Amino acid sequence: MQAPAHTTNWYVITGAPCSGKTAVINQLEQRGYAVVHEVARAYIDAELARGKTLEKIKADDWAFERHILLAKVKLEAALARDDIIFLDRAVPDSIAYYKMCGLDPAEPRKKSRTVRYRKIFLFERLAFLTDPARSEDEKTADRLGRLIEESYQSLGYKLIHVPPASITERTEFVLTRL
């Protein structure tokens, strides 16, 4: 039997790749809010800086996705539950990424049930852009967006859809719905 979920005062900023999550997280941080930057992006950037290629970093889907999942779990375990914190993705996002890779999502689903986030903001995708750390194409990004939405809904979350707008408008949209 699984222990009951710990209720938090954390807000998740999530959505498909190229949905503007990071820009809003950065603006929230500039305004003095506590934020957690995306674990996968930080890991990929660090590995690229060490000279690895994106293909090498993601060569083993299971090892990569499990590393990211466990890093998110560890990071979230160290956060104060009562503090207002904005997370650029959270543990339930791993359910979608496991599914996208054809992996069994049982482990991320189980780990997702140990924490309850205050609210989930699902950002609608913007124009698709590529960068050195992004391996998805536009079609994959759309599919990931749907899988992320389904992952949170399957855990009983009501999602707040954040429409396309400027970074400041989206930041205000989030802040007025806390």
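**Strands, helices and cores in a predicted model**

Q: In this predicted model, at what angle do helix H4 and helix H5 pack?
A: Two packed helices are described by the angle between their axes and the distance between the axes. For helix H4 (residues 61-77) and helix H5 (residues 93-100), the axes lie 10 Å apart. The angle between H4 and H5 is about 175°.

Q: Are H4 and H5 roughly parallel or roughly antiparallel to each other?
A: Their packing angle is about 175°. Angles over 145 degrees count as roughly antiparallel. H4 and H5 are therefore roughly antiparallel.

Q: How many of the residues in the contact of H4 with H5 are charged?
A: On the H4 side the contact uses Glu-65, Arg-66, Leu-69 and Lys-72, and these meet Asp-93, Ser-94, Tyr-97 and Tyr-98 of H5. By class, three of the contact residues are nonpolar and one is polar, while the charged ones number four.

Q: Which strands stand at the edges of the open sheet?
A: Let's follow the strand order: five strands, paired in parallel, run E3-E4-E2-E6-E7. Neighbouring strands are turned by 25° against each other on average, direction ignored. An edge strand here has a single partner, so one side of it is left without a neighbour in the sheet; that describes E3 (34-36) and E7 (159-162).

Q: What is the bridge partner of Val-35 in E4?
A: E3 and strand E4 (residues 85-88) pair in the parallel sense, over three bridges. Val-35 has as its bridge partner in E4 Phe-86.

Q: In E4, which residue is the bridge partner of Trp-10?
A: Strands E2 and E4 run parallel and are joined by four bridges. For Trp-10, the partner in E4 is Ile-85.

Q: Are the residues on the two faces of E4 buried or exposed?
A: One side of E4 carries Ile-85 and Leu-87, and the other carries Phe-86 and Asp-88. Buried means under 20% relative accessible area. Both faces of E4 are covered, and these four residues are all buried.

Q: Which residues touch the most other members of the largest nonpolar core?
A: This core has 24 residues. The elements giving two or more residues to it are strand E2 (10-15), E4, H5, strand E6 (119-123) and helix H7 (138-154). Those touching the most other members are Tyr-117, Ile-120, Tyr-152 and Tyr-157.

Definitions and conventions: Residues are numbered from 1 along each chain as its sequence is written. This is a predicted model: local features need pLDDT of at least 70, side-chain atom pairs count only at pLDDT 80 or more; totals for chains, interfaces and linings use all residues. Side-chain values use heavy atoms; hydrogens and water are left out. Axes are lines fitted to C-alpha atoms, for helices over the stretch in contact, and angles run from 0 to 180 degrees between N-to-C directions. Angles under 35 degrees count as roughly parallel, over 145 as roughly antiparallel, 65 to 115 as roughly perpendicular and the rest as oblique. Contact means heavy atoms within 4.5 Å. Ala, Val, Leu, Ile, Met, Phe, Trp, Tyr, Cys and Pro count as nonpolar, Asp, Glu, Lys and Arg as charged, and the others, Gly among them, as polar. Two strands pair if DSSP finds at least two bridges between them. A nonpolar core is a set of buried Ala, Val, Leu, Ile, Met, Phe, Trp, Tyr and Cys residues joined through side-chain atoms within 4.5 Å. Buried means under 20% relative accessible area, exposed over 50%, partly exposed in between (1.4 Å probe, protein chains only).
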